[in-house]
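The exercises below concern helix packing, backbone angles and aromatic rings. Work through each task before reading its solution.

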Amino acid sequence: MSLRARVTVSSMVVLAAVLVAVTVLTEVVFVAQSNADLRAAVSARAALAAELAGQGVGDAEIARQVSAPGIRVILLEPGDRAPLRPPEPRRRGPADQIIDQPLPDGSRLLLIGEAGPVSSAQERLRRILVLLALAALAVAGFVTLWTTKLALRPLDTMTALARSIARGDRGRRLAPVRTDTELGRTAAAFDDMLDALERSEAAAVASEARTRQFVADAAHELRTPLAGMHAVVEAVMDPALPADQREQLHLLLLRESRRAGRLVEDLLALARIDAGIELQRESVDLLELARAEIDRARLLDPDRPITLDGSSSVVDGDPARLAQVLANLLDNARKHTPPRTPVAVHVGDGRLRVTDRGPGIPAADRERIFDRLVRLDTARTAGGAGLGLAIARGIARAHGGDLRCLEPASGTGAVFELSLPVRDAAAQSSSSAGVTLRT
């Protein structure tokens, strides 16, 4: 059964119950009032008979004057028995009202208020009430059906809108004028749901496009070292190749295989980050972590001056993963800046900042460099597949922090800031501040 039919039937059931109750109550009140009126009329005639008897009027004359329409009078001589007894009151109809009025000479007047006319009126009233109730139900049924259709029209509008959206007509909304009614709140919630669905659809489409582009770029990046390895293998297979050239080709093959291996490892790291990277959390002092990674960077590039300053800052994180982020930032500064270019590392308040004095990053590209397989034109000769910063940001956000490229204070160079939630603020103030390491 449709909602419109259920509302109409429910309304008709309630209305029918009300009409039945009104009909029964009307009949009960009518019977009670009729009995009271008939009793009052008979009592008034009995009082008139007593008054006439006190004035010395004869019995026959009293009986004649007391008689009235609907009231029958019987004169009984002394010693006569009443020809009838008061009937038991009926439950559903008026009852005859009888009064036995004595007279001064010993005779009695029997006054009978007849309920017959009242019962006929009751029957007519009952028939009228039933007919009116049936007519009211019929009229109310048609009116309720029409008003229900009018009241539920917003639901039909919502249904038509949902079907049009299912056919591809995006962007339409109900836009209710009032949201303080039931249907208004429903329409507003429906619009909110459509907004969320369209945002999710757009995000899914964009994600699919990014995934396809990422797969295409990854395939392109892998094709280069694989093609190089294929060419080297073909050249090595030449039996007439001199030994020194064969050794150079072996070195080239090793380099290309390592390049492909690094790319595959980076792709696997990104896949783990997308799936939810598992972190071995413990207390990590960013100052000590930076000191260890700077020592590693000094081994790779002994001629580059690197400074460390700041205060101890203890965070809750995976030391190996956080070291990977800092190593990536230091390697990034080493690869994309001229030799002997200074690099400064600052630690404090859950933040680790790496600043170099290289060519810097344009403001328009400071967010784009964190996308996967993105390399700026100035960095194409530095090697790498453009995944390091994407991996570093993914690790930072897995810790509840973030990695950003900031505007350098001096106007030149690049500034990368890793921000993490501080685990223990007291540990931050208990360590030595202003620690500096220089090469």
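**Exercise 1.** Which residues in H8 meet which residues in H9?

Solution. The model is predicted, with local features needing pLDDT of at least 70 and side-chain atom pairs counting only at pLDDT 80 or more, while totals for chains, interfaces and linings use all residues. Residues are numbered from 1 along each chain as its sequence is written, and side-chain values use heavy atoms, leaving out hydrogens and water.

Step 1. Take contact as heavy atoms within 4.5 Å. On the H8 side are Arg-321, Gln-324, Val-325, Asn-328 and Leu-329, and on the H9 side Gly-388, Leu-389, Ile-391, Ala-392 and Ile-395.

Step 2. Sort them by type: Ala, Val, Leu, Ile, Met, Phe, Trp, Tyr, Cys and Pro are nonpolar, Asp, Glu, Lys and Arg charged, and the others, Gly among them, polar. The contact of H8 with H9 has 6 nonpolar, 3 polar and 1 charged residues.

**Exercise 2.** At what angle do H6 and H9 pack, and how far apart are their axes?

Step 1. Helices are DSSP runs of H or I with at least four residues, strands are E runs of at least two, and both are numbered from the N terminus. Axes are lines fitted to C-alpha atoms, for helices over the stretch in contact, with angles from 0 to 180 degrees between N-to-C directions.

Step 2. H6 (residues 243-276) and H9 (residues 388-398) pack at about 25 degrees, with axes 10 Å apart. The two helices are therefore roughly parallel (under 35 degrees; over 145 is roughly antiparallel, 65 to 115 roughly perpendicular, the rest oblique).

Step 3. The contact joins Asp-266, Ala-269, Leu-270 and Ile-273 of H6 to Ala-390, Ile-391, Gly-394 and Ile-395 of H9. These residues divide into 6 nonpolar, 1 polar and 1 charged.

**Exercise 3.** Where is Arg-340 found?

Step 1. Arg-340 sits in the loop between H8 and strand S7 (343-348). Its phi is near 65 degrees, a positive value in a residue other than glycine.

Step 2. Most residues other than glycine have a negative phi.

Step 3. Arg-340 has a relative accessible area of 57% and is exposed (over 50%; buried is under 20%, partly exposed in between, with a 1.4 Å probe and protein chains only).

**Exercise 4.** How many aromatic pairs does a search of the whole structure find?

Step 1. Rings of Phe, Tyr and Trp (its six-membered ring) pair if their centres lie within 6.5 Å; planes under 30 degrees apart are stacked, over 60 edge-to-face, the rest tilted. The search finds 1 pair.

Step 2. The centres of Phe-370 and Phe-416 are 6.3 Å apart and their planes stand at 80 degrees, so the pair is edge-to-face.
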